[in-house]
Amino acid sequence: MTYDSNNIFAKILRGEAPAHIVHEDDKCFCMMDVMPQSTGHTLIIPREPAKDIFSVSDEGLQHLILQTRRIARAVDTVFQPEGVMIMQLNRAGAGQSVFHLHFHVIPRWGGWQQRFHARDLADSEMLADHAMRLREALID
């Protein structure tokens with residue numbers, strides 16, 4: 001499968017689709033998941049057109065994983081979960097549904113079942129608030 005430049009993340013990167021931005025720089029873009037599995041579910045994507053972890057450059061992946069950790073720290077500070085799950089899926093057989101490389105940072109609380117992914121849209125005002133709180137908590 002080749003990279004599809006019309007996937008939703010590519011459209012977000014071009015400004016053709018909206019996103020609740022947590023952080024962006026010249027190599028990556030971090031945003032709230034609009035169909036979150038838990039409160040604070042955040043996505044980290046490269047600006048590089050990579051469909052999965054096998055097609056991203058070494059430099060791009062290095063930056064992406066460091067930003068994933070940075071976002072995870074902010075999620076941990078803001079939402080104070082019992083744990084933080086970092087997830088990354090490759091190809092449909094693993095459950096990847098948007099074929100642009102992305103990492104999920106998902107806060108978890110014990111005894112609480114996470115919601116199914118890609119089922120229900122979250123409230124936009126709530127996502128905007130979460131993005132603002134995370135931006136304020138980011139530490140370089």
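Me: What counts as a disulfide?

Reply: A disulfide is a pair of cysteine sulfur atoms within 2.5 Å. A search of this whole structure finds zero disulfides. The model is predicted: local features need pLDDT of at least 70 and side-chain atom pairs pLDDT 80 or more, while totals for chains, interfaces and linings use all residues. Residues are numbered from 1 along each chain as its sequence is written, and side-chain values use heavy atoms, without hydrogens and water.

Me: Is Cys 28 buried or exposed?

Reply: Buried means under 20% relative accessible area, exposed over 50%, partly exposed in between (1.4 Å probe, protein chains only). Cys 28 is at 0%, so it counts as buried. Cys 30 is also at 0% and buried.

Me: How many residues does the largest nonpolar core have?

Reply: A nonpolar core is a set of buried Ala, Val, Leu, Ile, Met, Phe, Trp, Tyr and Cys residues joined through side-chain atoms within 4.5 Å. Here the largest has 22 residues. Val 22, Ile 44, Ile 71 and Leu 134 have the most contacts inside it.

Me: Which elements give two or more residues to this core?

Reply: Helices (H or I, at least four residues) and strands (E, at least two) are DSSP runs, numbered from the N terminus. The contributors are β2 (28–32), α2 (58–79), β5 (103–108) and α3 (124–137). The largest share, seven residues, comes from α2.
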